[in-house]
Amino acid sequence: MGAGACRRSLVLDVGIAGGFALLDTGSTLLGLSWWPERPGPLAWALLAVQAAACLSLVARRRAPLTVLAVLGTYTLVVTLLISPVGLLVPAGQGNVWAPFATIAAAYGPLYDRRDRRIAVAALAAYTMVIARVWDPSAGVLIDGVLRTAVGPLLALYLDGRRRVLRMLVERAERAERERHLLAEQARAEERARLAGEMHDVVTHRVSLMVLQAGALRVTAADEHTRQTAEELRAAGCQVLDELRDLIGVLRTAPEPDVPPTAADFAALVAESASVGTPAELVEEGDRALASPVVGRTAYRIVREALTNVRKHAPGARVQVRIEYGQARVRLTVRNTPPTGLPGGPLAGTGSGLGIADLRRRVEVVHGTLRAGPAPDGGFTVEAVLPAYVAT
C-alpha cells in the first residue's frame, strides 16, 4: 500500500472511531444503553472510558483482535458492575449494554487475519459477553447476536468478492496474453506463407531468365552477345543467392524486444553525456537484488529525469545514485542549477505529464516518488521502490 493510500485509510479510521465515540456517548446519555437514572461519579467515569474504548477503532486494521479485546473487556466490566455487583442500575434493563462500536470491531478479525480459527474463537467469546448468555433475555440475545454477526458476514462477503475480482483479473490477463501469443503466431505463419510464395514466384521467373541466358551464351554467334548473356546469367545467379538469404530472414521469427533492466543505466548516462549533459552514475549494493519489474521502473525514472534535465536545465550536471538494499531500492537523480537559459527548442516539447505518469507507475509497484526543486537551485527526483515485485 502506498503512502497516499495509508494516509487515506488512517483518516478514514480516525473518522469512524470519532463518529462511533460521539454516537455511543449520545445514545448512552439518551438511555439507550446502561445509563442510570441518577448518574454518579462511577457512571461519568465509565462514560469517559467508553469513549476511549470506541476510539480504539483507529487500530482496527492493524490490530483487530486488540480492538475486539478492548471493547469486549469494557462491556464485560460494565455488565459485571450492573449484575452481580450492583454498583450501577441502568434505566433500561432490557437494553444491550455494549456500545455500538462493537459492530465495527466485530468484522475486523475475519477480514484482516489469516488464522480464521483464532478469529472465530474470539468472536464467539465476544458474542457471549455482548448477549449476556449467563442472564438470558430474548431481546438482548437477538440484538447481541445481530451486532456481532452482521460485521463478520459483511467481512466474508467482501473477502469473497475480492477473491472473485482477483480471479477475474487474472483470467482477463491470461486471456490477453493468449490473444497476444495467437496474434504473434498468426503473424509468423503469415510471414512464412508470404516468404514461400515469394520464393516460388520470383525463383521460378529468375531461374527461367538464368537458363535462357545460359542457352543464349552457348548458341550466340558473336562474342559480344555471348558476353552479355554470361553477365545476365551471373546476375541472375546472384539474385537467386540474395533471394535465398532474404527468404531465410523472413522465415525466421523476429527477436523479441528485451525490456530495459537495471543493467542499462550506464548506457543511459553515457547517452546523456554524449549529447552535452554531463552525468555521473553511482551504484551501491548488489544490482541483482532488484527484480526485473523494479529494474524497468527505475530505468524509466532515470530516462525521464535525464530527458527533463536536457529540456529544462541546459548546462546542468547530473548525478544518478542507485542504492540496492534487501528490501528497498532508492533512486535519486539530482541536477545542479542550469548554466544556460531555459526555454530552448526542447523546452516546449512533450506533454508535461512525465512526472505524473512516473508517479502512477511507481504507485503501481507500491513505491513512492518525490520530485521538486533542490535548495541549491537544481532539481531532485527521488524514488523508493520495493526490491522485489512479482512480474
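This is a predicted model: local features need pLDDT of at least 70, side-chain atom pairs count only at pLDDT 80 or more; totals for chains, interfaces and linings use all residues.
Local features need pLDDT of at least 70 and side-chain atom pairs count only at pLDDT 80 or more, whereas totals for chains, interfaces and linings use all residues. Residues are numbered from 1 along each chain as its sequence is written, and side-chain values use heavy atoms, with hydrogens and water left out.

**View 1. Asp 143 and Arg 147 form a salt bridge.** A salt bridge is a side-chain nitrogen of Lys or Arg within 4 Å of a carboxyl oxygen of Asp or Glu. Here the closest N and O atoms are 3.7 Å apart. Both residues belong to helix α7 (residues 138–219), four residues apart, so about one helical turn separates them. Helices are DSSP runs (H or I, at least four residues), and strands are too (E, at least two), numbered from the N terminus. Asp 143 is partly exposed at 32% relative accessibility. Arg 147 is buried at 7%. Buried means under 20% relative accessible area, exposed over 50%, partly exposed in between (1.4 Å probe, protein chains only).

**View 2. Glu 283 pairs with Arg 287 in a salt bridge.** Their closest N and O atoms lie 2.8 Å apart. Glu 283 is partly exposed, at 29%. Arg 287 is also partly exposed, at 38%.

**View 3. A salt bridge joins the side chains of Glu 382 and Arg 330.** The N to O distance is 2.7 Å. This pair links distant parts of the chain, 52 residues apart: Glu 382 sits in strand β5 (residues 379–386), Arg 330 in strand β3 (residues 328–335). Glu 382 is buried at 16%, while Arg 330 is partly exposed at 34%.

**View 4. Asp 13, Arg 60 and Arg 61 are linked in a salt-bridge network.** A search of the whole structure finds twelve salt bridges.
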